Amino acid sequence: MAVNVEELLSRVPKGLLICGEWRDSSDGSTYEVENPATKEVVATMASGSSADALAALNSACSVQDQWAATSPRERADILRRAFELVHERAEDFATLMTLEMGKPLTESRGEVTYGAEYLRWFSEEAVRDYGHSSPVPEGTLRMITRRKPVGPCLLITPWNFPLAMATRKVAPAVAAGCTMVLKPAKLTPLTAQYFAKTMEDAGLPAGVLNVVSGESASTISNALLADARLRKVSFTGSTAVGRSLLKSASHNVLRTSMELGGNAPFIVFEDADIDQAVEGAMGAKMRNMGEACTAANRFFVHESVAREFTRKLAKRMGQLKLGNGLDEKTTCGPVIEEKALKNLDKLVEDAVSKGATVETDRRAVKKPGYFFRPTVLSNVSSRARVMREEIFGPIAPIMTFRSEAEVIELANDTEYGLASYVYSEDSDRLWRLADGLEFGLMGFNSGVISNAAAPFGGVKQSGLGREGGAEGIEEYTEVQYLGIRDPYANQA
């Protein structure tokens with residue numbers, strides 16, 4: 001059933017959420033949210049200032065002790081109710097995501113399912129935050145370790161997965177007993193605002209989750225990172241911004257979780273099922289129009305199957321239907337903004353200037369939004385920008401290789417280390433590649449591997465820490481050790 005967009009937008013809060021109250025910014029500032037498929041303004045939001053950020057932190061700090069003292073079961077029940085409410089409002093969330101980010105409704109609905117799973121997963125993990133008890137080796141003490149909430153957290157989410165990135169951070173913080181200030185991306189704040197309202201409706205007490213969006217991310221984050229009461233920052237976004245946040249976080253020695261950039265290799269060996277590999281490539285490359293840190297960025301295809309793979313991938317990419325994501329027939333939406341569109345054009349131009357061949361239709365798109373035709377490039381040079389930089393768009397550059405050792409070296413030749421993908425029918429190769437590839441995630445004969453039950457995160461300059469899985473709640477806790485005199489220690 002189609003959602004009435006105007007009526008939906010009227011139900012989405014446009015203000016700042018501070019201590020359970022949706023309010024205007026302290027200086028009256030606002031900013032606009034644009035639909036990238038039409039360039040039309042869809043909402044005007046309150047733009048938070050540094051004063052608003054500190055007010056939100058005041059709110060989080062004022063209820064931290066009370067929230068930490070709630071039972072794990074109470075926190076679990078709130079998250080479970082939130083999970084159910086997100087599913088009840090699935091079409092609302094999907095419509096909002098498509099409206100402000102551009103992805104097709106089918107993909108937005110998939111994100112609702114994926115994002116909601118973090119609420120369910122951490123509702124279950126909330127009551128399984130185990131400690132440990134044992135005697136020390138000398139037998140003089142009884143050792144107990146326990147986990148305590150780290151304290152007030154700053155959660156900074158990106159624009160490309162506006163629901164899932166919010167649930168992936170908020171859910172474990174709630175489960176662990178932490179209070180939060182959520183800073184959603186200014187390009188896509190509507191979904192996060194609606195999610196915060198949903199958390200309220202699920203029974204989350206006032207002040208536990210505060211939301212401050214704004215025109216200037218640094219105005220908000222700098223004020224919070226300078227305050228010693230903040231104890232953790234979790235950020236998903238570019239490596240450049242992550243480095244800056246890490247530097248600021250060092251002043252107060254904050255716990256940090258950084259999910260940063262990616263340059264994922266997609267490796268197709270000579271024994272791969274090529275049709276299966278093409279299907280996997282479509283998922284790994286074209287999910288979110290390629291605007292994902294896990295997106296396949298560099299395609300390395302064995303020279304013996306490169307022509308077949310390239311031909312089939314180009315055909316599949318060329319069949320995608322560009323359009324407004326609200327149209328059910330659309331299978332590829334716009335990219336997020338004009339700056340991204342111009343960069344994609346430059347990446348293709350650079351690759352072609354270095355010898356690459358365009359295998360797909362490159363005619364200009366005659367639509368009002370920020371549309372870029374899905375593009376496959378063959379004969380790509382290792383010197384091309386598309387092989388060195390995170391593309392964040394629907395471009396698939398293909399290089400060939402001859403040996404396993406060669407492709408491992410090519411794949412690792414990047415400062416990033418988030419996702420990687422391998423297609424082969426050799427099960428032994430799975431373990432050799434897992435050992436050889438310097439990436440936090442590896443998909444073997446699968447192009448979509450993110451799951452709430454799995455630890456998500458990278459190595460090298462792709463980040464620190466893990467989100468999701470059993471590891472996810474640990475990021476929001478500190479370990480406390482109790483050394484208790486053993487009453488039987490001297491009874492030898």
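A: Happy to! One term to begin with: two strands pair if DSSP finds at least two bridges between them. Keep in mind that this is a predicted model.

Q: And what holds paired strands together in general?
A: Strands of a sheet pair through backbone hydrogen bonds, and the pairing is either parallel or antiparallel.

Q: Okay, in what order do the strands of the open sheet come?
A: The order is 14-15-16-13-12-17-18, so seven strands form this open sheet, and their pairing is mixed.

Q: Which strands are at the edges?
A: Strand 14 (357-358) and strand 18 (443-444) are the edge strands, and each of them pairs on one side only.

Q: How many bridges link strand 12 and strand 13?
A: Five bridges, with strand 12 (residues 264-268) and strand 13 (residues 296-302) paired in the parallel sense. Within this pair, Ala264 has Ala296 of strand 13 opposite.

Q: What about helices, which strands does helix 10 lie across?
A: Helix 10 (residues 274-286) lies across strand 12, strand 13, strand 16 (395-401) and strand 17 (421-423). Helix 10 runs at about 170° to strand 12. Helix 13 (residues 404-412) also packs on the sheet, where it touches strand 12, strand 13 and strand 16. The direction of helix 13 makes about 165° with that of strand 13.

Q: New topic: strand 10. Is it enclosed or open, and why?
A: Strand 10 (residues 232-236) is largely enclosed by the rest of the structure, because five of its five residues are buried.

Q: Which way do those residues point?
A: Lys232, Ser234 and Thr236 point one way from strand 10, while Val233 and Phe235 point the other way.

Q: What does strand 10 pair with?
A: Strand 7 is joined to strand 10 by four bridges, and the two run parallel. Here Cys153 stands opposite Lys232. Strand 10 also pairs with strand 11 (residues 255-259), in the parallel sense over five bridges. In strand 11, Thr256 is the bridge partner of Val233.

Q: Last one: where is Thr157, and is it buried or exposed?
A: Thr157 is in the loop between strand 7 (153-156) and helix 6 (164-176). Buried means under 20% relative accessible area. Thr157 has 5% relative accessibility, so it counts as buried.

Q: What does Thr157 touch?
A: Leaving out residues up to four places away in sequence, Thr157 touches Met165, Ala166, Lys169, Leu182, Lys183, Pro184, Ala185 and Thr236.

Methods:
Residues are numbered from 1 along each chain as its sequence is written. This is a predicted model: local features need pLDDT of at least 70, side-chain atom pairs count only at pLDDT 80 or more; totals for chains, interfaces and linings use all residues. Side-chain values use heavy atoms; hydrogens and water are left out. Contact means heavy atoms within 4.5 Å. Axes are lines fitted to C-alpha atoms, for helices over the stretch in contact, and angles run from 0 to 180 degrees between N-to-C directions. Buried means under 20% relative accessible area, exposed over 50%, partly exposed in between (1.4 Å probe, protein chains only).
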